[in-house]
Amino acid sequence: MKSGLIVYVVGEEPSNWDADFGKKTIQQTIPADLVEIITAKTGHYDVLDAWCSLMVRGMKRITCMIGEFTPNGKLALTGRELRLCG
């Protein structure tokens, strides 16, 4: 079963932050086939938008987590997790 992860980021991302690198970093620590990150600049406006994007790409199990930027500019997951489907 394919799995997807939505990371809802609180706060603003640093100006030099790269969303693609952030996705790759998350996929190394969390087992997910696809990752969608929600920030002001990534193109997703809310959890529903990212959830629909993952559903149309065949993800059956979708989880949502909260992320925040550390003082040194890295994206850190807070550990809170919500399964949306699957």
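Analyst: A residue is called buried when its relative accessible area is under 20%, exposed when over 50% and partly exposed in between, with a 1.4 Å probe and protein chains only. The structure above is a predicted model, in which local features need pLDDT of at least 70 and side-chain atom pairs count only at pLDDT 80 or more, while totals for chains, interfaces and linings use all residues. Residues are numbered from 1 along each chain as its sequence is written, and side-chain values use heavy atoms, with hydrogens and water left out.

User: With that in mind, is Trp17 buried or exposed?

Analyst: Trp17 has a relative accessibility of 17% and therefore counts as buried. Phe69 is likewise placed among the buried residues, because its relative accessible area is 16%.

User: How many helices and strands does the chain have?

Analyst: Helices (H or I, at least four residues) and strands (E, at least two) are DSSP runs, numbered from the N terminus. The chain has two helices and four strands, and along the sequence they follow the pattern β-α-β-α-β-β. The radius of gyration, taken over C-alpha atoms, is compared with a globule rule of 2.2 Å times the number of residues to the power 0.38. For this chain of 86 residues the radius is 12 Å, close to the 12 Å of the rule, so the chain is as compact as a globular protein of that length. The C-alpha trace spans about 35 × 25 × 20 Å along its principal axes.

User: In which order do the strands form the sheet?

Analyst: Strands of a sheet pair through backbone hydrogen bonds, either parallel or antiparallel. Two strands count as paired if DSSP finds at least two bridges between them. Here four strands form an open sheet with mixed pairing, in the order E2-E1-E3-E4. E2 (34-38) and E4 (75-85) stand at the edges, each with a single partner strand, so one side of each has no neighbour in the sheet. Axes are lines fitted to C-alpha atoms, for helices over the stretch in contact, and angles run from 0 to 180 degrees between N-to-C directions. With direction ignored, neighbouring strands of this sheet are turned by 25° against each other on average.

User: How many bridges join E3 and E4?

Analyst: Strand E3 (residues 61-69) pairs with E4 over seven bridges in the antiparallel sense. Within this pairing, Gly67 has Leu77 of E4 as its bridge partner, and Thr63 has Arg83. The two strands form a hairpin with five residues between them, and Gly73 in the turn has a positive phi of about 90°.

User: Which strands does helix H1 lie across?

Analyst: Helix H1 (residues 19-29) lies across E1 (3-10), E2 and E4, and runs at about 130° to E2. Helix H2 (residues 47-56) packs on the sheet too, touching E1, E2, E3 and E4, with its direction at about 160° to that of E1.

User: Which residues is Glu13 in contact with?

Analyst: Contact means heavy atoms within 4.5 Å. Apart from its neighbours within four places in sequence, Glu13 is in contact with Thr39, Ala40, Lys41 and Phe69. Glu13 is found in the loop between E1 and H1, and with a relative accessible area of 10% it is buried. Ser3, in strand E1, is buried at 12%, and its contacts beyond four places in sequence include Pro31, Leu34 and Arg61.

User: How many disulfides does the count give?

Analyst: A disulfide is a covalent bond between the sulfur atoms of two cysteines. By the rule of a pair of cysteine sulfur atoms within 2.5 Å, the count is zero disulfides. Cys52 is partly exposed at 36%, whereas Cys64 counts as buried at 10%.
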